[in-house]
Amino acid sequence: MKTIVLGAGIIGISTAWHLLERGHEVTVIDRQADAAMETSFANAAQISVSYCEPWANREAPLKALKWMFDHEAPLLFRPQLDWQQWRWGLQFLAQCNDAAFERNVQQIVALGAYSHAALKDLVSATGIEYNRLERGIAHFYTDQKSFDDAGHAVELMRRHGVQRRLVSREELLAIEPAFKAYGDRITGGTYTSTDESGDARVFTQELARRCAARGARFLYGHDVLRLNKIGNAIDSIAIMPNKTRAPGQKDFILKADAFVAACGSYTAPLLRTVGVDLPIYPGKGYSATFPLLRPEGAPMVSTIDDGKKIAMSRLGNHLRVAGTIELSGFDLSLDSPVARARCHMLSRRIEEILPGVCDTRTPEEGGDPQYWTGLRPATPTNIPFIGRTRVGKLWVNAGHGTLGWTHGAGSGKALAELISGRTPAMDFGFCGLPASPSALATRTA
C-alpha cells in the first residue's frame, strides 16, 4: 500500500518507520528542512509513562482561574476571539471530575506502556543513540499538602500497573543527590525507576534517516496546500515547495492509498477543510537548554519540580528545563512580555534549585540559554486521536499534548497496525473501531 504521512515529528516519523516495517511504500511531507524541527525539537526529554495525569481534574478550573493573571503560571489560559479555543475550554471543563480523570488515566497509561515497549524494541533494532538515560523519573514537592496529595496519585497509578512509589526527602536525595543544596525545602517526592529520558529531536532525526535508507521518500520544505476529496474519500493532496517557489508555479498533486495526518496542532485546521472536526488545540510550551558549568553537580535522574511544574533532564553536557502551558492560539513568539517572563522563570528556578550548576546567563550577559517554544497539540482529555477518520483513506495520529515523546513509538506502531488491517495489542479507544469494554474514553473522528 502506498501511504503519505503528513508531518515529520516524532509521531509522523514513528508512523513511517512502522509502515515500512510492514511493507508499505511511504512518503513523508513536512514544511521544515528536516525532521523534528517543531514540537519535537526541544521538549522536556522525558519518557514518562508514570507521570501522565490529564490536565483536567476537579481542581483544575479553580487553579486556571487563579492563574489567569500570572505570567509564570503552570497553565495559563489567555482568552482569544477564537471559537475553537472556547469550545475546547468547555469540553475541558466537562472532564474536570473524578470519574473522567480516572477513565482518562486508564487510556493514557495503556498507550504509555505499549509505547515504551515499542520504543525499547525500536532502539534495540536500530541502535540509535540520543543521550538516553535509564535512571527513572523523580518528582519532588515543596509543600506538605502537595506531598500528601501525591500519595493519592501514586495509589491511582499503581492500580493501573505503574510502579510509581512515594519516597521521603531522604530517599529522594539518595536517588538524586544533586538536589541536596535545595533539600531543606523539599518535603518528599515520588519515583518510578522504569521511566527514562533522552533527546527526542536527535532520536527522530536519526530514525528519519533510517527510514530514508529503507526507501522512504522525504519531501521536506513543502507546504500541504489542500486535501482533495472526491465523494467521501481523499483522492490526492496538493503540495508546494515553500522556499524555492517560483512565480506562477503550479502545485504538485500526489495520490496514495492512505493519507496520515500527523501535523501536531496543525492537524485540526487541516482536517476541518474536509469535514473532520477534532478538538485539538495548541498549548504553547517553553524550554531552555543550559550548558553545564559543573557537570558533577547536575542531576542524572530526570526530575519534575512540582512547585513550578517544570521538568529537568540531563542531555550530555547540557540540562534541558521545560514546562508551562499557555493556551493562546498558534503564537510562537519568544519576545512578548509573557514569553520573556516564562523563559526567565525557567532560568531563575534552576538557579534556586541547582545554584551555579548551569550557565543561565542571558545573551546580553554573554550566555547562550537556547530558549525555545513549541505548540503541544492538546485534547480536552489528553488522549490522542489515533485511527481511521470518517473520510475514506484518511487516518489521524495527533493530539498527544505534552506526551508526544512518551507516546510516539507506540502511536506510530499502533497506527501502522491499523492501516495494515490488524488490531494493536492494547486496550485503547482507537478512532474508527468499536470500543472494548474498558476503553471508556474512545472517540470517533
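1. Buried means under 20% relative accessible area, with a 1.4 Å probe and protein chains only.

2. A word on the ground rules: residues are numbered from 1 along each chain as its sequence is written. Because the model is predicted, local features need pLDDT of at least 70, and side-chain atom pairs count only at pLDDT 80 or more.

3. Which strands pair with β1? Strand β2 (residues 25-30) runs parallel to β1 and is joined to it by 5 bridges, with L6 partnered by I29 of β2. Strand β13 (residues 258-261) also pairs with β1 in the parallel sense, over 4 bridges, and here T3 has A258 as its partner. Pairing requires at least two DSSP bridges between the strands.

4. Now look at helix α5 (residues 144-159). Its 16 residues reach 24 Å from first C-alpha to last, close to the 22 Å expected at 1.5 Å a residue; the expected span is 1.5 Å times one less than the number of residues.

5. Several α5 residues are buried, including F147, V154 and L156. The helix's buried residues pack against α4 (98-126), β5 (137-141), β6 (165-167) and β7 (188-192), where contact means heavy atoms within 4.5 Å.

6. Finally, just after α5, G161 takes a positive phi of about 85°.

Conventions. Heavy atoms only, no water. Helix = DSSP H or I, 4+ residues; strand = E, 2+ residues; numbered from the N terminus. Buried < 20%, exposed > 50% of the residue type's maximum accessible area, 1.4 Å probe, protein only.
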